[in-house]
Amino acid sequence: MKAKKPTKPKKPTIEIILERYPRHPQHLIGLLQDVQAAFNYISSENLNLICDYVGVPITQAWSIATFYKSFSLEPKGEHEIKVCLGTTCHLKGAERLIEGCERDLHVERGQTTGDQRFTLDTVKCVGACAEAPVVMVDNNYLGQATLISLKDQLKKL
Amino acid sequence: MKKIKDVSEFQELRQTLLAAYDPDQPVARVCLGPGCLALGAEKVSQTFKSALKKKKGSFKVQPLIKATGCHGFCSQGTLVSLAPLDLMYVRVKPEDVPEIVETSLIKGKAVERLLYSDNGTRYKSAAEIPFYRAQQKIVLKNVGVVDPLDIQDAIRSGAYQSMAKALLEMSPDEVLKTVEVSGLRGRGGGGFPTGYKWRRAAENARENPGPAYLIANGEEGDPGAFMDRAIMEGDPHAVIEGMIIGGFAMGAHEGFLYVRHEYPIAIQHLSVALQQARALGLVGKNILGTGFDFELHLHRGAGAYVCGEETAIIASLEGRVGEPVVRPPYPVEEGLWNRPTVINNVETWANVPHIVNMGADSYTNLGVPQSTGTKIFSLVGKVKNSGLVEVPMGISLGTLVEGIGGGVPGQGRFKAVQTGGPSGGIIPYELRDITSEGVKQEPAKAVPDEKKGLSVDFDSMAKTGSIMGGGGMIVMDDHDCVVDLARYFLRFLHEESCGKCLPCRLGLQGMLGFLDNFARGQGTPEDIDALESLGQALVDGSLCGLGRSAPNPVLTSIRYFRDEYLAHIVDHKCPAGVCRDLITYSIDPETCDGCGLCAKHCPEACISGKKKKLFTIDTAACIRCGVCREVCPVDAVLVA
C-alpha cells in the first residue's frame, strides 16, 4: 500500500461521537451509525461504550447492530465493492458479476480479502436502475457494468 | 443569508432573485441524476467548469453551469440541456464538452451530433422527443431544472410559494379540505387517501392534546425503483415544503425525513436544503412571521427493507429494531412516542405544494376520477427508452411502455411488466389490450391509443392481481424467466423478513423451497397448487404488509404464466434460457469468428479451440456462468 492518501478530515474519537448525542436510548441507532461511518465497523469496545452511554443492555445494541444491514461488527477492507442486486440488475446479469468477483477475489459475498484490501458485498438496490447492472466501488457508481469493466475499475485503485 | 421575518421580506427576496436573472445568460444543466452519475456525469460537469475557465473572456454573458437532478432520459445519459437555446444533448462525454462550449455557449449554435436522433429524425428540444412528449411533469417540474444545493435558485423557481399561500391565505382546515378534495392517494404504493389520513391525525391530536408528528418515508426499498431518490436529490425543497404545509394543516410542529442509507446523495442534498431553509427561517420558529413553528429532522435509515412499513419506521425512529406491530392502533392514533403520526411517502409530500398552488379542482382534472394527479415511474428493464417518467394517472400501459418507452430493444419480444416491486406482481404484456372493465381491445397498433387498453391507476392495477406500487415498472422480454424472477423476489423477502411472525418467516422459506425445486426442473404439477395455497396462507396470516403482499409476484406469475412453470417441472426446460440447471451453452459454428475471447475469460477453462477457428464448449465441465456469452463480440454463444 502506497502512502498516497488524500487529506481527510480528522477522524473523530469515540468520545467526540458520544458527546454529539444526549444520553437517551432513542439515540442508539444514530450513535451506531456515526461509529460505523468513522471507523468502518463497530468494535466490541465501542459497542460497550455506546451501551453505557445511552443506558441500554448490550443485548439490545447487539440486536440492533445485527438487524440493520448498514452495521458491521467486523473491520471492512480498504475498498468496498457493492454489487447491486436490484430487480433490473438481476435481470441484466448481476449474479454473473458477483460470482465473477467471488472467483477473482477468492472470497464469498460479505467477506473481506485476506490482505484487507477489498470487501465484497451486495446491495439491494442503489436506485440507478436505468444503467443496470450497477456496481458501487467505494462511493463511485459503475453503470452497465461487465466483468471486464469492473476488473479495469479495480485495477485503477 | 439573513433570516426572513415576514412574507413581504420573502416576496422581496424572490423579486430580487427574479430581477437578477438574465434571460440571455447561457445555462448548461448537467444531469447528475442516478443514471447519469453511473455513467460518469460528474466528470462532464467538472470538465464544463474547467473549459469555461479556459475560455474566460470569450463570452458576452458568462455562462452558468448547473449540476442538477435527474432529467429523466437515463438511457441517453449523460444528459446536458441548454437554455435559452432550448437544446438537449445526449450521451455527452467529457471530451465533447469543449465543442459544446465553443459552438453552443459562445456561438449559440447546436452541436448536431449530440442531439437525440431516432429513426432518422433529430430532435433539438427535449419537449419534441417522443420520450418526453406524452409526459406531464408536475412533481418533477423542478427536478433537473434547479440546482438542488442552492435554495435561492429553488425560491426563484417558486419553492415555498405554496407554503406562503397556505400559511397566510388559508386556514388549517382549508388546507386539509384542499388535500381531501384533491383525491391525493399515497404514492408509496398503497394508495390510501392522504386527506383522510391527515384528517384523522388532526382530530386525534385535538382530542388528545399534545404533539403530533409527521414522517416522510424515504426508505425506498423496492428494488428497481428510484422515483423518491430522484425527488430527494433533485428537488429536496419540495418535500420540505410539503411537510411544512402538512404540519400547518394538522397542527403538527415536528417532522422527520427518514431516508435509506443506500441513498447518500439524497441524504446530503436534503441535509443542505434543510440547513439553508433553516438559515432563511423557512423551517423553524415563527415561519414567515405567522407564528407557526415547524422543526424538521433528517434521519438516516440503517438498512432494512421492512422499515418502509410504517410501524417499523416508527420503531426505527425510536431507536429500536424495525419490527412492525399489529395495527390498530394506527399511527394516526398512536404513532411515534404514542402520539398521532402521519407517515407519507416522499412523492406524496412532494405533491402537496402543487395541490395547494393549483387548487384541488385543477388537480382533480389530472388523471382519472379515483386516481387523481400524476404518477412517477421508473421505467426500466428491457425497454429502449429507460428512465424516470411522470405521467397522468390512467395512461394506458401501452402508451407508457411502447409510446414513451419505445418498445423492447434489439430482437427481444415483450413478455411482461413487473410493477410494485416485491409486493407487486408480474403481469403479462397482453393485458395491455384489456381495459379496466375486462373488455379486450383490438391488437396494439404501432402508436397505441392513449385512452385504450389497461389503465395505469391504483384500482385497475389492483384488478390484475398486481399493485401500482411505488412506481417501479420493470419491462421483461422473452429472455427473462418468470420462475426465476418470482424466485428472486422470494429470496429478497426471505432475507428481509424481520422474522417476527410465523407465516412470513416460515412461509417464505417454504415457498422458496418450491421455487428452488422448480428452477432445477424438479417437483410435480401438484406442487404449483400447494405453492398457491401456501401463498394464500401468507396473505391471510401475516402481521404486516411485507408478509401479506410477499406472495404477489409468485401468485400473479402462476396465474398468468402457469405454462412456463409446467415447462420447468414437466419438460425440464427453461423457455427463457435462464435457469441454470435446465440450459446448455454452445457456440454457433456459423457465427463464431474464432477470436478466442470466450476461452480467455472462461473461469472453468472448458472452452477450447484455435484462433481463427471454431471454438467449442465442453458441456460437461461448463458451469453455465454466462461469461462467454457476455464477452462474445459476435453473439455466437447460444443458450438452449
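**Figure 1. Domains of chain A in the predicted model.** The domain assignment divides chain A into domain 1, covering 14–67, and domain 2, covering 79–155. Between the C-alpha centres of domain 1 of chain A and domain 2 of chain A the distance is 29 Å. The secondary structure of chain A consists of seven helices and four strands. Read from the N terminus, the order of elements in chain A is α-α-α-α-β-α-α-β-β-β-α. Along the principal axes, the C-alpha atoms of chain A occupy a box of roughly 50 × 40 × 25 Å. Buried residues amount to 42% of the 157 residues of chain A. Among contacts in chain A with a separation of 6 or more, 56% join residues 24 or more positions apart.

**Figure 2. Overall build of chain B.** Chain B contains 23 helices and 23 strands. Its radius of gyration is 26 Å, close to the 26 Å that the globule rule gives for 640 residues, so chain B is as compact as a globular protein of that length. The box filled by the C-alpha atoms of chain B, taken along the principal axes, is roughly 80 × 65 × 50 Å. Of the 640 residues in chain B, 55% are buried. For chain B, 72% of the contacts with a separation of 6 or more are between residues 24 or more positions apart.

**Figure 3. The open sheet of four strands in chain B.** The strand order in this sheet of chain B is 9-8-7-10, and the pairing is parallel. The edges are formed by strand 9 (295–300) and strand 10 (341–345) of chain B; each has a single partner strand, so one side of each is left without a neighbour in the sheet. Neighbouring strands of the sheet are turned against each other by 20 degrees on average, direction ignored. Strand 7 of chain B, residues 213–218, pairs with strand 10 of chain B in the parallel sense over five bridges. Within this part of the sheet, B:Leu214 has B:Val342, in strand 10 of chain B, as its bridge partner.

Figure 4. Leaving aside residues up to four places away in sequence, B:Tyr89 touches B:Val80, B:Ile100, B:Val111, B:Leu114 and B:Leu115. B:Asp222 is 133 residues from B:Tyr89 along the chain, and the C-alpha atoms of the two are 31 Å apart.

**Figure 5. The contact between chain A and chain B.** Chain B supplies 42 residues to the contact and chain A supplies 40 residues. On the side of chain B that touches chain A, two or more residues come from each of helix 2 (34–38), strand 13 (374–381), strand 19 (472–477) and helix 23 (627–631) of chain B. Helix 2 of chain B gives the largest share of this side, with four residues. Sorted by class, the side of chain B that touches chain A has 20 nonpolar, 15 polar and seven charged residues.

Key: Residues numbered from 1 in each chain as written. Chains lettered and ligands numbered in written order. Predicted model: local features only at pLDDT ≥ 70, side-chain atom pairs only at ≥ 80, totals over all residues. Pairing = 2+ DSSP bridges. Axes fitted to C-alpha atoms, helices over the stretch in contact; angles between N-to-C directions. Contact = placed C-beta atoms within 7 Å. Nonpolar A, V, L, I, M, F, W, Y, C, P; charged D, E, K, R; others polar. Domains from an automatic or database assignment. Rg over C-alpha atoms; globule rule 2.2 N^0.38 Å. Buried ≥ 20, exposed ≤ 12 C-beta atoms within 10 Å, placed from the backbone.
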